[in-house]
Amino acid sequence: MFFAPTIQQIKSTSRHPETFTDIFILCLSIGETEQLIRDFYKQGNVRKKELIQSCSILGVPLGNVFIIQHTKMPDSPHCIWRDDLVGRIILKYTNMLSADVVISFDEHGVSGHPNHISLFNGLSYLTDEDLVPVGCRFLVLKTVNKLRKYCSIFDFPLSFCEDDCVLISSPLYILRAQKAMTAHYSQLVWFRWLYILFSRYMIINSLVELKKKNKTD
């Protein structure tokens, strides 16, 4: 829904042995908790299968998709996950997979969803506590305002003027991203069709490196 331009650009540069990059997807919730009554959509298993299918369409194999089910991280727009818990899980998989780049949401979470913001807070926790593995970088997806979010290709000029790292999808990649989105059939309510057709995140990703905060007295 948000990172298809980045995933496909990385895949496109991995066709030659000297530039090969393996992509892993880490999802920190399947939408279920030990108390299903608190689950926002109550479709965890369905959404898990849909995510795997969507990743496959984008060229990420099943073995590279990791989905976490944790009782303290419900998929809910009313829940903030603990920074240290999120950070430690990300750190575990970063080390296990020897990842040199981790890409996630910025402090606004693109849509303002608390779970998205929790991912950023988890990365910030690792950064501020000096727990980032040596040689690894954290990049976050820049949030833009709602007008820019839904102006599709017309956000090209401003994106290039403002940001140093801008990834643009070709027409083929856009179609593939749209197909990957339709794999999430259980979530295709009417406003997500508008997102598929008009969101700049289906076409453009602006990435910013996450830096350690400067501590002042």
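This note sets out numbered points on the predicted model shown above.

1. Overall composition. The protein chain contains nine helices and six strands. Of its 217 residues, 47% are buried. Contacts between residues at least 6 apart in sequence are joined, in 76% of cases, by residues at least 24 apart. The chain exposes about 12,100 Å², and carbon and sulfur atoms account for 58% of that area.

2. The largest nonpolar core. This core comprises 51 residues, and the members that touch the most others are Leu28 and Met73. Among the contributing elements, helix α3 (residues 83-96) gives the most, with six residues. In soluble globular proteins, nonpolar side chains tend to be buried together.

3. Surroundings of Met73. Which residues does Met73 contact once its neighbours within four places in sequence are left aside? They are Leu28, Ser29, Ile68, Trp81, Leu85, Val86 and Ile89.

4. Helix α1 and its cover. In helix α1 (residues 4-12), the buried residues are Ala4, Pro5, Thr6, Ile7, Gln8 and Ser12. The elements covering them include the strands β1 (25-27), β3 (101-105), β5 (165-168) and β6 (204-209), together with helix α8.

5. Thr21, at a relative accessible area of 35%, is partly exposed. From C-alpha to C-alpha, Phe20 and Ile10 are 8.8 Å apart in space and 10 residues apart in sequence. For Thr21 and Ala99, the separation is 78 residues in sequence and 10.0 Å in space, again C-alpha to C-alpha.

6. Gln187. This residue is found in the loop between α8 (171-182) and α9 (190-198). Is Gln187 buried or exposed? Gln187 is buried, because its relative accessible area is 13%, and the limit for that class is under 20%. Apart from neighbours within four places in sequence, Gln187 is in contact with Arg47, Glu50 and Arg192.

7. A nonpolar surface patch. Tyr150, Val189, Trp190, Phe191, Leu194, Leu197 and Phe198 make a nonpolar surface patch of about 720 Å². One of these residues, Leu194, is located in helix α9. Leu194 has a relative accessible area of 38% and is therefore partly exposed.

8. Cysteines. How many disulfides does the structure hold? The number is zero. For Cys27, the nearest cysteine sulfur belongs to Cys55 and lies 8.6 Å away. Cys27 is thus in no disulfide, because a disulfide requires a pair of cysteine sulfur atoms within 2.5 Å. Cys27 is buried, with a relative accessible area of 19%, whereas Cys165 is partly exposed at 30%.

How values were computed
Residues numbered from 1 in each chain as written. Predicted model: local features only at pLDDT ≥ 70, side-chain atom pairs only at ≥ 80, totals over all residues. Heavy atoms only, no water. Helix = DSSP H or I, 4+ residues; strand = E, 2+ residues; numbered from the N terminus. Buried < 20%, exposed > 50% of the residue type's maximum accessible area, 1.4 Å probe, protein only. Contact = heavy atoms within 4.5 Å. Core = buried A, V, L, I, M, F, W, Y, C linked by side-chain atoms within 4.5 Å. Patch = residues over 30% accessible without salt bridge, like charges linked within 9 Å, V, L, I, M, F, W, Y side chains within 5 Å. Areas by Shrake-Rupley, 256 points an atom, 1.4 Å probe, with all protein chains shown as cover. Salt bridge = Lys/Arg side-chain N within 4 Å of Asp/Glu carboxyl O.
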